[in-house]
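Dear colleague,

Please read them alongside the coordinates.

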Amino acid sequence: MIAHLNGTVAGVGLDGAVIEVGGVGLRVQCTPDTLARLKPGEQALVATSLVVREDSLTLFGFANDDERNVFELLQTASGVGPRLALAMVAVHSPDALRRAVAAEDVKALTMVPGIGNKVAQRIILELKDRLGSPSDLGPGIGAAPSRRAAPSWRDQVMTGLVNLGWSARDAEAAVAAVEAEAMEADGQAPDVATALRAALRKLSKS
């Protein structure tokens, strides 16, 4: 198993990045939040999970080990593959997922595109005693610090929403609403993860 990559960010795309390690460029698929932390030309340490299929080898990247571990555990639930698990980690932090499962909060889980009531209930049933308890101690060792998003945060959130299954029109409307609220609140652009979750809340109510 490839547990992490430690190298230079060679490029960042809409849904993944290329990290050069020992002269080899490795492509990793990441959540918008993780992508927002990667800058071309800079060093990066990314926790990874390798998903092996008969016709493909896909490397998924995460901001820290906790996200990676939750991503892998989510896939042990019936009907949850790597794409859906990645969407869950994109929408909810690991502790938010732990709280949702512990509280049997079906509504929170169904905020993730692709998860209906039946799948949410199955996740709760199968993972309730396995995800662990939420940490109230804040980020621990290996957790990436939060930071302001790059000027392209709108594009990153738009891409994240479309990749999660929403139409470009709905995604654009949600991003515009989130931006308006952020400007009214403090006049600053939100970070990508916060904006993505706010947009998903709006889309789930529409």
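A nonpolar core is here a set of buried Ala, Val, Leu, Ile, Met, Phe, Trp, Tyr and Cys residues joined through side-chain atoms within 4.5 Å, where buried means under 20% relative accessible area, exposed over 50% and partly exposed in between (1.4 Å probe, protein chains only). The model is predicted, so that local features need pLDDT of at least 70 and side-chain atom pairs count only at pLDDT 80 or more, while totals for chains, interfaces and linings use all residues. Residues are numbered from 1 along each chain as its sequence is written, and side-chain values use heavy atoms, with hydrogens and water left out.

The largest nonpolar core has 49 residues, and those with the most contacts inside it are Leu 74, Ile 123, Val 157 and Leu 161. Its largest share, 8 residues, comes from helix H3 (residues 82-91); helices (H or I, at least four residues) and strands (E, at least two) are DSSP runs numbered from the N terminus. Another core, of 11 residues, lies apart from it and includes Ala 17, Ile 19, Ala 44 and Val 46.

As for the sheet, a closed barrel of 5 strands runs E1-E2-E3-E5-E4 with mixed pairing, two strands being paired if DSSP finds at least two bridges between them. Strand E1 (residues 4-12) pairs with strand E2 (residues 16-21) in the antiparallel sense over 4 bridges, and Thr 8 has Glu 20 in E2 as its bridge partner.

Best regards
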